[in-house]
Amino acid sequence: MTTAVATSSVPDVTSATSRKRRRRPLTGRTVIVSVAAYLIAIVFLLPYVEMVITALRPPAELQERGYVPQHWDWTNFTSIWKTGFGTNLKVSLQIAGGATVLVLLVALPAAYYTARRKFRGRMLFLLLVLATQMFQPAAMLVGIQRQFVSYGLSPTTSLILVNAGFNLAFAVWILNAYFSSIPSELEEAAMVDGTGRLGALGRITLPLALPGIVTALIFTFIAAWNEFIVALTLSGDATKGPLTVAINNYIGQYSVDWGHLFAGSVIATIPVIILFALIEGKVVGGLTAGSIK
Amino acid sequence: MTDTAAKTRAEDVRPTPRRVRRGSPWRRVGRIASPLLWLGPAIALIGVVVLWPVFVMFKTSFQRFTPNGFYLGPAGWRNFKDLFDEPDLNAVLTRTVVWVVVVVGVTMTLSLGLAQLFNQRFPGRRVTRWALIAPWAASVLMTAFIFRWALDPNYGVVNVILHDLGIVKTFGSNQADWLGRPDSAFVWMMIVAIFVSLPFSTYALLAGLQTIPHELYEAARVDGASSWRTYRSITLPLLRPSFLVALLINVINVFNSFPIIWGMTRGGPGFETATSTVYMYQLKQAFIGESAAMSVINFGLVIVVVLVFLKVTRWKDQVS
């Protein structure tokens, strides 16, 4: 992670060399490598292309076997709001947004403190954080269900708490890495210049750790947005559940509303894939840092 | 925020007057309270959301309930006995092992190749890497639904392609009903599980490849080593830490994977495509205590895997 911060200060040099390399004549090897990579990239995208195609098929054409529909039809995207999809979208935004804010509030001080200080119990705390990453909610679903039902909290509040708890580890690891890479001398210099410790934190450390904060923010949001098994268990009424539960509900016992299912899926996934592309390079660090260190 | 580790260390060296103050009860309180102030919220959240449910889960596995959740009294070991008496349990556990081993094994093998490929320099590399993340960012449930639709015996695009190729003879036939037969359904679900696990594994290995110093490859080239030899003697051993972590995270994710199977077959017909996670969910609909017993066993399995991993990688020595 040190390099992540360090390289950002010298982007001109690297981009210049890569530009020079790109101008080299294409060798046969590069052509083979590129073709293979493009083909694989297409394979990875194809299911999502099929998702968009099916969402845009007119209902009457669902039972035709052409690879693409004869007419493109947006009605699924307009009629879906009449099935109560707007409520589900709002619930998903509340859950994912709430969990993200909670994770940041809780992870920032913890990550900062463990990065700056050696104290008794630090190991134990880091092990505890690692444990939350290893134990997924699916493995303790019965416990989560019985506990949150007995608390009498609303499903949305419960889901905010559960998603925040199980995604805390990622935020702690990635913020810890960023804070560790910022020399504490920088903070001390700012404190000598008259800002307090909190001033130094707010003016020096947090801005420098911003890429890490943004990564933690987007990753937590997406994880909570996509979560399914706890949402399915805790939201009793699918019409008041988040998007994953609502989309699962388009599968009826005897028939499936594929048009609305995929229109909903497009609305739920495309923004998330674009958000994820923004943090693409940094995610692995947060997922593996706890286990490698 | 008064005392810092650096300060306390400095005070050890300094002579008398400060030393007296260090022992004062207020400072001692501060030294203990300060970590709690910064870490307290995190510990509280982990306690409420992760640790306490584990306790409730264990407790539930020794209790009796009506199907809609009314407590009937203690059950002793009866839930576990009932679970082990289930005629489907052995098949479910065997299927879980096959599921984890095949999905993780194929994923890791393919990722080694993919990471190598996407580590090469070629025009458009960034764009292809973006394409790779789609299954990772998208909800696994929705990806599972896409495949469910694509495998529809009458109109699914997979059957349309296979029909064009002459493999599927008639639409709507038993042959075209891939998700209706337990064994073909399970194979397709493993394919989907591999598909959604590949991006993370590939990215983890790509990150590992980038930590290998370039000089090593130059030295190998100077020594005249073949590229396969270089890969085996330099790349693979140095990739070991990233590989092990990706392996562990994959094992845990794949073991707990629920949306793929639930989205495509609901574990059915019967329990014939259920892994132990899905089976736990199916039991929960009617037998809460027994489902908790299944959870306890699932949970134990995860702990064993994690402990083996910590031991193999000597995690404790590495956190500093």
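**Figure 1. Helix α13(B) passes α14(B) in a left-handed crossing.** A crossing is left-handed when the near helix is turned anticlockwise from the far one by less than a right angle, and right-handed when clockwise. Helices here are DSSP runs (H or I, at least four residues; strands are E, at least two), numbered from the N terminus. This is a predicted model, where local features need pLDDT of at least 70, side-chain atom pairs count only at pLDDT 80 or more, and totals for chains, interfaces and linings use all residues. Residues are numbered from 1 along each chain as its sequence is written, while chains are lettered from A and ligands numbered from 1 in the order in which they are written.

**Figure 2. A closer look at how α13 (residues 276-284) of chain B packs on α14(B).** The two axes lie 7 Å apart, at an angle of about 160 degrees; axes are lines fitted to C-alpha atoms, for helices over the stretch in contact, and angles run from 0 to 180 degrees between N-to-C directions. The pair is therefore roughly antiparallel (over 145 degrees; under 35 is roughly parallel, 65 to 115 roughly perpendicular and the rest oblique). On the α13(B) side you will find B:S276, B:T277, B:Y279, B:M280, B:L283 and B:K284, which meet B:I288, B:E290, B:S291, B:M294, B:S295 and B:N298 of α14(B). Contact means C-beta atoms, placed from the backbone, within 7 Å. The residues of this contact comprise 5 nonpolar, 5 polar and 2 charged (Ala, Val, Leu, Ile, Met, Phe, Trp, Tyr, Cys and Pro count as nonpolar, Asp, Glu, Lys and Arg as charged, and the others, Gly among them, as polar).

**Figure 3. Helix α11 (residues 227-256) of chain B beside α14 (residues 288-313) of chain B.** Their axes come within 11 Å and cross at roughly 180 degrees, so α11(B) is roughly antiparallel to α14(B). From α11(B), B:L244, B:L248, B:V251, B:I252 and B:F255 meet B:V302, B:V305, B:F309, B:V312 and B:T313 in α14(B). By class, this contact has 9 nonpolar residues, 1 polar and no charged.

**Figure 4. B:R266, in the loop between α12 and α13 of chain B.** Take a look at the backbone here: B:R266 is not a glycine, yet its phi is positive, at about 60 degrees. B:R266 counts as partly exposed because it has 14 C-beta neighbours inside 10 Å.

**Figure 5. Where chain A touches chain B.** The contact brings together 78 residues of chain A and 74 residues of chain B. On the chain A side, 51 residues are nonpolar, 17 polar and 10 charged. Chain A itself has 14 helices and 0 strands, and 45% of its 293 residues are buried.

Note on methods
Contact = placed C-beta atoms within 7 Å. Buried ≥ 20, exposed ≤ 12 C-beta atoms within 10 Å, placed from the backbone.
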